[in-house]
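I opened this notebook to record what I looked up in the structure. The entries follow in the order in which I made them.

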Amino acid sequence: MDDVSLIDMARTPAHEETARIMQICNACRYCEGFCAVFPAMERRRLFDVGDTAQLANLCHHCGACYHACQYAPPHEFAVNVPLTLAERRAETWAQYAWPGALSGLFSQNGLSVVMIITAALALAVGLMLAMISPQLFWGVHVGEGAFYVLMPHMVMAGIPMAITAFTITAFVMGWRRYWRATGARWGGWPALADAITATATMRNLGGDNAGDGAGCPGPDDRNSLARRHYHHATFYGFMLCFASTSTGTLYHYLLGREAPYGYFELPVVLGTVGGIMLCVGTAGLWREKRRMEPAVRPLSKLGMDYAFIWLLFWVSASGLVLLALRETGLMGLTLAIHLGLVYGFFLVLPFSKFVHGLYRFAALLADAGEARRSAV
Amino acid sequence: MYTGTDNGFPKRWDVLVIGAGNAGLCAAITAAEAGCSVIVLDAAPRDMRGGNTRHTRNLRAMHEAPTDVLTDAYSFEEYFEDLMRVTRGITNRDLASLTLEKSAELTGWLGARGVRFQPALSGTLNLGRTNAFFLGGGRALLNSLCRHAEGLGVVLHYDTEVAEILLDDGFCDGVRLADDSVVLAKKVITTAGGFEANLDWLAEGWGEAAKNFLVRGTPWNTGTVLKSLLDQGVKPVGALDQCHAVAIDARAPKYDGGIASRIDGVPFGIVLNRDAERFYDEGEDFWPKRYAIWGRLVAAQPDQVGYAILDSIGVTRFMPSVFTPIRDDSIEGLAGQLGLDPAATRQAVDLFNAACPEGPIDQSVLDGKATTGLVPDKTNWAAPIAVPPFYGFPLRPGITFTYMGVEVNDSAQILMADGKPSANLFAAGEIMAGNVLGQGYLAGIGMTIGAVFGRIAGAEAARRLNR
């Protein structure tokens, strides 16, 4: 149903540069101990657009291979694997985006994300201010169902459900396009287990492949596991918040109990811990990104990275603020802000840095299958 | 700038090390750990620091039992036999034994100073038993050792070329830099590499042919320090024309092409010279055992050029090359693209094909599939070059490092012409590797010699300071 050849077969400059560099790397191979990118490269002799897309999405952008590279600039081969793969990677996200008509949101992505979030925020706060009487909006509401005094549960839960339906469709379509364009094949359940393990442990970001787990080089070329730890905080914090929402839904429909729940009840505990982890994780990732070796930072992509990191931070922080102020007269405003950010977040998901998770997992799954087939 | 006391540096350093490669950093770290003030001068800019170490990948280490980075065992006896075989006995047996014995400590010593190794049983080359591979290669090793050295207070200066060793009757006062300033030191350890990037000097051993060599190694190994030492009566070791040279892609850069410029396809096709004649048995042995002689073979041909010719089956039998092979649907067309005479090339290929045996070749063993009646015959993996498209690689001698250097004793002290050791001048690495490696080559032994003698030089320099 998709004409893959139209979507992604463009031999773009980023593809050509990736192919050029991979041919040099494949004749050197000194970096093969670092991560999954290099063994995957060694399984290929030629680098077509699907191959460069797969390698680019396997890369965790740690920078180790740049620091180790005997052919890095000023050498005339001018090999810069992390930068080149980052640029190719960002390009593939736009190429595989669904609906394709919106793929332009990936260029100047920082601006796109900020504008969409601002619009969602303004809409949420504006509509609630317009539709709810000031006495209610600025009033103090406590006890079960306090939130739904301001906004019916149907609306509060219905909007994200609609958005999520769109988001999930976009992800499925993106995944299909990626899978076809890269010629990936299902590698069986053991390969799936490999990919899940690689995702859960982030073993490719931090030197586990070297067996010493010493980490990746930072800007001063000192090994560090900081990025992995902050990413773990972000990833598992996100999962806890997801679990919080899910348990909240179960409370609502199975137990017939309405939010807000007590501070020590499961949905709130999960959400609080998750939210704090997200705040710490995203702030840490922002710091690490700023500290990253300048030579490997793709300037065109920084806006996307920063916008997503800060969006996640503020979604989480606004949830924590709501928790703190929910029994005061500011509950209405903080609820409006939090909901605006959350709705905007889900809306913008398929056109944000979030998709790195989708395509990284697809690449890891394809790679695990490839590795298992070649080992036989 | 390095001589004064105004910038907080000592007027006279305890130890001055020339070269920030593997040997120099091992020496600097050892001396600094013993409490010495240490300065390291490297001719290259920071990004290109460390001489040929940047292009290395592993070291060869003796071990009696499997380790975390080496499989099985590699005994002293086996290592020594390997060395005797490749050098044909042209080695200082005492220094060779010392190198091999001390090699056992290296992975542990380097690992404790931040160098990371690939785990055993991984990697492209089947050298996991004899050689320990640096994670990320030689530049990653340099990064780790430089960081460690700086942590110990070692001062590293880049873009700082030493022009002259200040030597007086076997005693070294320090060095004069290219900008004419002087750095004074109580002990000087030179690890300044060979002279492979000095084509004029190479021409003294190789004649005009040297002008057609490509230099795989660092362009900063110009041999200035070695020349300064030899001019002042230091005892030389090794022959002027002995070097590590392999056949590399003629399209590689003139300097600094490193590992990626190598061509592994020779055993799976034929190699012609400028006149479209074969000149050596392409299938004599497995490539890892033969690649190091092909630099000399090509260097001996007219114009120092060769052409590897393969068909579409042969071209898939080896690791991909950094430059895309030249390709054509016909032998004549390929010859034309390579600059060979089409008719003569056709004839050479036809002659070869007619002399090939029946049946498929097996590249995993010395399969004995030999041509009959050719001069020279190809003694293994002889398969007709018959399935188009055809592929060609132009070849040049690529020189990696030179063997002529300074003679040292087991304390890494440089020997003067009368055989007496200098009081305070030491050497390690490529500049003295010829003591152990008189000719031939054993993968990874250069780094072993550098690390072993670097450590010895650093320790002996510190010990003799009498502080």
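Which residue is the bridge partner of B:Val188 in S18(B)? I found that B:Leu425 is the bridge partner of B:Val188.

I noted that this is a predicted model, where local features need pLDDT of at least 70, side-chain atom pairs count only at pLDDT 80 or more, and totals for chains, interfaces and linings use all residues. Residues are numbered from 1 along each chain as its sequence is written, and chains are lettered from A and ligands numbered from 1 in the order in which they are written.

Entry on strand S18 of chain B. Strands here are DSSP runs of E with at least two residues, and helices are runs of H or I with at least four, numbered from the N terminus. S18(B) covers residues 421–427, and five of its seven residues are buried, so the strand is largely enclosed by the rest of the structure. A residue is buried if 20 or more other C-beta atoms, placed from the backbone, lie within 10 Å of its own.

Entry on its partners. I count strands as paired if DSSP finds at least two bridges between them. S8(B), residues 182–190, runs parallel to S18(B) with three bridges. S17(B), residues 413–415, runs antiparallel to S18(B) with two bridges, and B:Gln413 has B:Phe426 as its bridge partner. Five residues lie between S17(B) and S18(B) in a hairpin, and B:Gly419 in the turn has a positive phi of about 90 degrees.

Entry on the chain contact. I looked up 27 residues from chain B and 28 residues from chain A in the contact; residues are in contact if their C-beta atoms, placed from the backbone, lie within 7 Å.

Notes. Two residues are in contact if their C-beta atoms, placed from the backbone, lie within 7 Å. A residue is buried if 20 or more other C-beta atoms lie within 10 Å of its own, exposed if 12 or fewer, and partly exposed in between; C-beta atoms are placed from the backbone.
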